[in-house]
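Dear colleague,

Please find the structure below, followed by an account of what was found in it.

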Amino acid sequence: MATIKVLLADDHPLILEGLRAALTKRGMRIVGETESADEVMGRFRQCRPDVLVLDLRFGQGATGLDVARSLLSKEPEARIVFYSQFDQDEVIREA
């Protein structure tokens, strides 16, 4: 069975560290990480992951939804898993 290649995107280093540890423990390979919404597209193209694990909220500027829209318009085959601490139904539905 092929190893799943994952790109992580979150603006909190501690969350990235936890995701990296948890996913690696389950046999996935982390091929890249970014703490900036603005860097996701470049890192995606550089790393060519099977899955992008993307936070819905970053600090200032673009949201995870903005990033996903932009990415999918240029890379329609991209697979994205969202996560968030927020429980706003309309945001979850949009994701």
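Glu75 is buried, with a relative accessible area of 9% (buried means under 20% relative accessible area, exposed over 50% and partly exposed in between, with a 1.4 Å probe and protein chains only). This is a predicted model, in which local features need pLDDT of at least 70 and side-chain atom pairs count only at pLDDT 80 or more, while totals for chains, interfaces and linings use all residues. Residues are numbered from 1 along each chain as its sequence is written, and side-chain values use heavy atoms, leaving out hydrogens and water.

Glu75 forms a salt bridge with Arg45, their closest N and O atoms being 3.0 Å apart (a salt bridge is a side-chain nitrogen of Lys or Arg within 4 Å of a carboxyl oxygen of Asp or Glu). The pair links distant parts of the chain, since Glu75 is in the loop between α3 and β4 (80-83) and Arg45 in helix α2, 30 residues apart (helices, H or I of at least four residues, and strands, E of at least two, are DSSP runs numbered from the N terminus). Arg45 is partly exposed, at 41% relative accessibility.

A salt bridge also joins the side chains of Arg48 and Glu77 (3.2 Å, N to O). Arg48 lies in the loop between α2 and β3 and Glu77 in the loop between α3 and β4, so this pair ties together parts 29 residues apart in sequence. Arg45, Arg48, Glu75 and Glu77 are linked in a network of salt bridges.

As for helix α3, its buried residues are Gly64, Leu65, Val67, Ala68 and Leu71.

Yours sincerely
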